[in-house]
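Here is a friendly briefing to read with the structure open beside you. Take a moment to look it over before going on.

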Amino acid sequence: MTVNTTVNRVLLALAGLVLFVLGGSVLAIGLGAPAPSWWLHDGRNDVLLDDAERTRWRDEGWWWPVVIAGLAVVVLLCLWWLVSVLRRRRMSEILVPTGDGEGAALRGRALEHALAEEADRQDGVADARVLLTGRRGTPRSRVVLLLEPHVDPGTALDTFTAGPLTHARDAAALPALPSEVRLRAVKHRPERVT
């Protein structure tokens, strides 16, 4: 799970929890449930913010700078969150030159799938995950290879580079396909030595 996905889920969970607790408590008190002693309002007919609460700190010198700074932080966090959610990380298509001055579009997921499938067939690779990023004409790949315990990582990387990665670059007619390859070992139980 990526950092943005984790942050997104945590922020959504916190916002949902706060809204659920506040909304549920307001609804319960509005329906006649007794208000706890720490609750801001006395009962069913009490408004959320009366005139005294709204104007309580208006004449204090620190009030408006704190309110503006707090709202500015909230707006900046919301904008950062929105941009991170809307920004596309995965390439939708790759521009493949056809030689006649035009170009064809290759679906990014199709190339990811083909590259991962060929890497999976490689000896000693338990699983392969591929993500294409970058621009249409200059894609980059991020690859995670899960290796069996008996495989030499250097050999697996050389085989992947010479095989699946070269085939993908040639198939898409790309001058280069820069890649970040992460090698991880498959978790296994320890073997007993006698």
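Predicted model: local features only at pLDDT ≥ 70, side-chain atom pairs only at ≥ 80, totals over all residues.

The protein has five helices and five strands, and along the sequence they follow the pattern α-α-α-β-β-α-β-β-α-β.

**Overall layout**
- Of the 194 residues of the protein, 21% count as buried.
- Among contacts with a separation of 6 or more, 49% come from residues 24 or more positions apart.

**The α4 and α5 pair**
- Two packed helices are described by the angle between their axes and the distance between the axes.
- For helix α4 (residues 108-120) and helix α5 (residues 153-171), the angle is about 155 degrees and the axes are 9 Å apart.
- Because angles over 145 degrees count as roughly antiparallel, α4 is roughly antiparallel to α5.
- The crossing of α4 with α5 is right-handed.
- On the α4 side, the meeting residues are Leu111, Leu115, Glu118 and Ala119; on the α5 side, they are Phe160, Gly163, Pro164, Leu165, His167 and Ala168.

- In soluble globular proteins, nonpolar side chains tend to be buried together.
- Here, the largest nonpolar core has 21 residues, and those with the most contacts inside it are Ile94, Leu111, Leu115, Leu145 and Phe160.
- Two or more residues of this core come from each of α4, β3 (125-134), β4 (139-147) and α5.
- Leu111, Leu115 and Phe160 also take part in the contact between α4 and α5.
- Leaving aside its neighbours within four places in sequence, Leu145 is in contact with Ala119, Val125, Asp127, Ala128, Phe160, Val181, Arg182, Leu183 and Arg184.

**Two loop residues to look at**
- Gln122 is found in the loop between α4 and β3.
- Is Gln122 buried or exposed? With a relative accessible area of 9%, Gln122 is buried, because the cut-off for buried is under 20%.
- Beyond its neighbours within four places in sequence, Gln122 is in contact with Ala156, Thr159, Phe160 and Pro164.
- Ala173 lies in the loop between α5 and β5 (179-185).
- Although Ala173 is not a glycine, it has a positive phi of about 55 degrees.
- Ala173 has 36% relative accessibility, so it counts as partly exposed.

Methods
Residues numbered from 1 in each chain as written. Heavy atoms only, no water. Axes fitted to C-alpha atoms, helices over the stretch in contact; angles between N-to-C directions. Helix = DSSP H or I, 4+ residues; strand = E, 2+ residues; numbered from the N terminus. Parallel < 35°, antiparallel > 145°, perpendicular 65-115°, else oblique. Left-handed = near helix turned anticlockwise from the far one by under 90°. Contact = heavy atoms within 4.5 Å. Buried < 20%, exposed > 50% of the residue type's maximum accessible area, 1.4 Å probe, protein only. Core = buried A, V, L, I, M, F, W, Y, C linked by side-chain atoms within 4.5 Å.
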